[in-house]
Amino acid sequence: MKIVILGGSGLVGCQLVAKLAGLGHDAVAASSSNGVDSMTGAGLLAAFTGAQVVVDVTNPKSFEDDTVIDFFRSSAGNIAAAARKAGVSHLLVLSIVGTDRLQNSGYFRGKLAQEQAFVDSGVPFTIVRATQFFEFLRTIADGHTQDGVAYLPTFVFQPMASADVALALANAVTSQPVNGIIEIAGPDRAPLSEFVGTWLGAQDDPRGIVPDEGAGYFGAPADDTTLVPGDDARLMPTRFEVWLEAQPAKAAA
């Protein structure tokens, strides 16, 4: 089966390409390096020709509100139009648990617009909403740091390994479209401050840590219900401590 992965050279995309290729599929990573630009639509129809499934794991280069919203809306619209013309039988997009609950964030508004473009595409679709990745913990810490102190939110968090995201996507790709949303998450639930604090400690990071109940999520209000999945979510196997132990040791200064 030919499967085109847009964003196939990124953190999740490259792992998904490898998993699908290992299963014997013709997994094609489409990107600007091979003439495909979802933002402009260039190369999409040619890339999708003969494909049964198209997977969107793209991300914009800039995360400014207007830029990210324009990227997701334009990119998803172009992908949907090209998929219809090419006769693709399954569109699959990676989104985020809590997308509809964090609309004060431009990034999450963009993701919701992206989802809607696939819902409206006329092509059978699956939306996979994942919780935040373990690999994103550094970015979270940096985004909540001021003057060498990380003011970390205390709301409940349930992150997961990017490898498990790729595994869940591979399973969805090789299954029938659900024409709806699948939620996936890690097995461990705890305050965000605990996950990030543990990660910083494992990295011997010198910055101070202050749990902050009012911190929100990158400036957007959030609480214990915002970024955790519902009761029907698929819980993936990799525990945080197992993932943490597998990370490369911090290089000596």
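These legends describe close-up views of a predicted model. Residues are numbered from 1 along each chain as its sequence is written. In this predicted model, local features need pLDDT of at least 70 and side-chain atom pairs count only at pLDDT 80 or more, while totals for chains, interfaces and linings use all residues; side-chain values use heavy atoms, with hydrogens and water left out.

**View 1. Strand β4 is covered on both faces.** Helices (H or I, at least four residues) and strands (E, at least two) are DSSP runs, numbered from the N terminus. β4 spans residues 90-96, and seven of its seven residues are buried. Buried means under 20% relative accessible area, exposed over 50%, and partly exposed in between (1.4 Å probe, protein chains only). H90, L92, L94 and I96 lie on one side. L91, V93 and S95 lie on the other.

**View 2. β4 pairs with β3 and with β5.** Two strands pair if DSSP finds at least two bridges between them. β3 (residues 53-56) runs parallel to β4, joined by four bridges. V54 stands opposite L91 of β4. β5 (residues 125-130) also runs parallel to β4, with six bridges. Here L92 faces T126 of β5 as its opposite residue.

View 3. A crossover is right-handed if, with the strands pointing away from the viewer, the path from the first strand over the helix to the second runs clockwise.

**View 4. β1 and β2 run parallel.** β1 covers residues 2-6 and β2 covers residues 26-30, and five bridges join them. I3 has A27 of β2 as its bridge partner. With α1, the two strands make a right-handed β-α-β unit.

**View 5. The largest pocket holds about 1,300 Å³ of space.** The search uses a 1 Å grid over the protein atoms alone: a cavity is a set of points where a 1.4 Å probe fits but cannot get out, and a pocket is an open set with protein on both sides within 12 Å along at least five of seven lines. Lining residues have an atom within 4 Å of a point. Grid points are joined across faces, edges and corners, and a volume is the space filled by probe spheres set on the points. Of the 44 lining residues, T58, N59, P60, F63 and Y107 are the closest to the pocket centre. α1 (11-22), α3, β4 and α4 each give two or more residues to the lining. The largest share, four residues, comes from α4.

**View 6. β6, β7 and β11 form an open sheet.** The order is β6-β7-β11, and the pairing is mixed. β6 (145-146) and β11 (208-212) stand at the edges with a single partner strand each, so one side of each has no neighbour in the sheet. β6 and β7 (residues 149-153) run antiparallel, joined by two bridges. T145 has A150 of β7 as its bridge partner.

**View 7. Helix α6 is mostly covered.** Nine of its twelve residues are buried, among them V165, L169 and V173. α6 (residues 162-173) reaches 16 Å from its first C-alpha to its last, close to the 16 Å expected. The expected span is 1.5 Å times one less than the number of residues.

**View 8. F157 is buried.** F157 is found in strand β8 (residues 156-157). Its relative accessible area is 1%. F157 and R189 are 32 residues apart in sequence and 5.7 Å apart in space, C-alpha to C-alpha.
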